[in-house]
Amino acid sequence: MGEALDVVVRFGSSGRLGPLRCGMPLQELETLIGPFHDRMHDSKPRRWRPRLHFWDDLEVLICHGLVIEVGVPLWRDTVALPSALSGWERPIAARLDMLEVLSALDTAGCEWEEAPGIVVGDRARGIRTRQHDVCLVFAPESHSGDSRLHKIYKSDPEADQNDHSPRQGRATQ
């Protein structure tokens, strides 16, 4: 699939990370890339509550057995993704300059707009791709001040149409 910039542009342009998409069943995802790494031990997991799952650096939020958010943190020097999604056999360089990313999106014909509501603070910058609603968060590096891509993600809570109210044996009024 290529380098990190190629994956970012494809994700922004398609709303998918390879075949991974919001609305995909967890079982289908695990068939594609294997079981997740359980970094969040939950002694009482609840199916109706969203839960974060990890594969290498890939972050996937699951609710009712469906993918509702896909994210890739890119703030470290390297990033590792399952090869079925990226084509990578090893971690690759992940430090992507903001102007380089925005230029690549423009070249690919991927329209984007400012999205200040997705960032906290006045130093970070958020953008959202118009067609697929993929969010990119940029932040300045502490030592140089250059803005780098820190995370790319797509969130679609509407992918899960289930009732999210907990059923703890209480009668509804």
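Start with the cysteines: the structure holds zero disulfides, a disulfide here being a pair of cysteine sulfur atoms within 2.5 Å. In general, such a link is a covalent bond between the sulfur atoms of two cysteines. You are looking at a predicted model, where local features need pLDDT of at least 70 and side-chain atom pairs count only at pLDDT 80 or more, while totals for chains, interfaces and linings use all residues. Residues are numbered from 1 along each chain as its sequence is written, and side-chain values use heavy atoms, with hydrogens and water left out.

Now select cysteine 110, which is buried at 8% relative accessibility. Cysteine 135 is buried too, at 5%. (Buried means under 20% relative accessible area, exposed over 50%, partly exposed in between, with a 1.4 Å probe and protein chains only.)

Next, pick isoleucine 68 in strand S3. Is isoleucine 68 buried or exposed? It is buried, with a relative accessible area of 7%.

Finish with helix H1, residues 4–14. Helices (H or I, at least four residues) and strands (E, at least two) are DSSP runs, numbered from the N terminus. Among the buried residues of H1 are Leu5, Val8 and Phe11. The buried residues of H1 pack against several elements, including strand S3 (66–73) and helix H4 (98–107). Just after H1, look for glycine 15, with a positive phi of about 80 degrees.

How values were computed. Contact means heavy atoms within 4.5 Å.
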